[in-house]
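Have the 3D view open as you read.

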Amino acid sequence: MSEAVLWAAGGTGFTFLMTSLGAAVVFFFRSKVNLSIQRMFLGFAAGVMIAASVWSLLIPAIEEAEASGMVGWIPAAGGFVLGVAFLMAMDSLLPHLHPNARDPEGMSSSWKRTTLLVLAVTLHNIPEGMAVGLSFALAAQHGNDPALYASAMALAIGIGIQNFPEGAAISLPLRQEGASSGRAFLYGSFSGFVEPVFGVLTVLIAGGIQPLMPWLLSFAAGAMLYVVVEELIPEAHLGDHSNVGTLGVMAGFLIMMILDVALG
């Protein structure tokens with residue numbers, strides 16, 4: 001299991017690095033990101049997360065449950081519902097502010113807008129870290145299966161790719177809110193730090209209680225799809241000419257599917 005922890009730390013460390021690289025865009029661009037490009041990036045992230053939820057999380061959850069003698073859909077559906085409920089509760093309770101939004105969501109708070117902006121992205125990064133960590137834990141439970149490790153690496157690559165524009169999407173609005181370039185970069189990077197934290201934690205939990213694996217995998221899938229439907233797709237289709245966001249979703253889904261199937 002120590003090897004799985006190292007792999008998970010490496011995989012989520014890569015996704016964290018990609019978030020940081022995206023946040024570093026603030027040192028080169030001060031202006032607002034073009035709306036069409038922003039829609040495309042949001043759609044791309046949604047497509048990646050949809051494909052990852054199906055191929056990397058829900059299908060393995062069903063297969064794991066059936067291999068253990070359980071009815072496959074029960075832990076998959078149960079964990080999925082719990083994941084949705086968890087993110088819905090966090091979304092309702094934790095004060096946060098989405099980029100380009102006027103009013104914050106969650107419980108009322110006196111926190112600064114910059115803090116609320118960081119919390120919005122940080123909240124969405126939790127299930128991504130869990131997903132990558134669980135994929136490596138699954139490989140470790142199957143005797144360090146090379147195919148499962150390759151699938152976990154494909155997931156880490158896909159999540160990392162969509163984290164790059166996500167990092168820029170938090171650092172640039174922070175800069176426009178009046179934060180210095182250095183502070184906007186640090187806050188943007190910090191929003192991705194929860195991925196290594198939750199990735200390693202889920203490996204430790206899953207390794208200690210193996211029967212929970214199908215539930216945890218589908219939990220991460222439910223949480224990720226909640227983010228997609230609640231935030232990413234609506235934001236990718238704001239205003240007219242939403243075909244840009246739609247094409248972004250298709251591209252993200254296609255690339256994540258190819259990565260998972262080709263490398264897995």
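Is the crossing of H3 and H8 left-handed or right-handed? It's right-handed, the near helix being turned clockwise from the far one by less than a right angle. Before going on, note that this is a predicted model, where local features need pLDDT of at least 70, side-chain atom pairs count only at pLDDT 80 or more, and totals for chains, interfaces and linings use all residues. Residues are numbered from 1 along each chain as its sequence is written, and side-chain values use heavy atoms, leaving out hydrogens and water.

Back to that pair: the axes of H3 (residues 73–93) and H8 (residues 213–236) come within 6 Å and cross at roughly 45°.

Now look at H5 and H6 (residues 181–190), whose axes come within 8 Å and cross at roughly 145°. This crossing is right-handed too. On the H5 side you'll find Ile-170, Ser-171, Leu-174 and Arg-175, meeting Ser-181, Ala-184, Tyr-187 and Gly-188 of H6 (contact means heavy atoms within 4.5 Å).

Last stop, the second largest pocket, with about 290 Å³ of space. A pocket here is an open set of points on a 1 Å grid where a 1.4 Å probe fits, with protein on both sides within 12 Å along at least five of seven lines; lining residues have an atom within 4 Å of a point. Of its 17 lining residues, Trp-55, Pro-60, Glu-63, Leu-148 and Ser-151 lie nearest the centre. H2 gives the most to this lining, six residues.

Terms used:
Axes fitted to C-alpha atoms, helices over the stretch in contact; angles between N-to-C directions. Helix = DSSP H or I, 4+ residues; strand = E, 2+ residues; numbered from the N terminus. Points joined across faces, edges and corners; volume = space filled by probe spheres on them.
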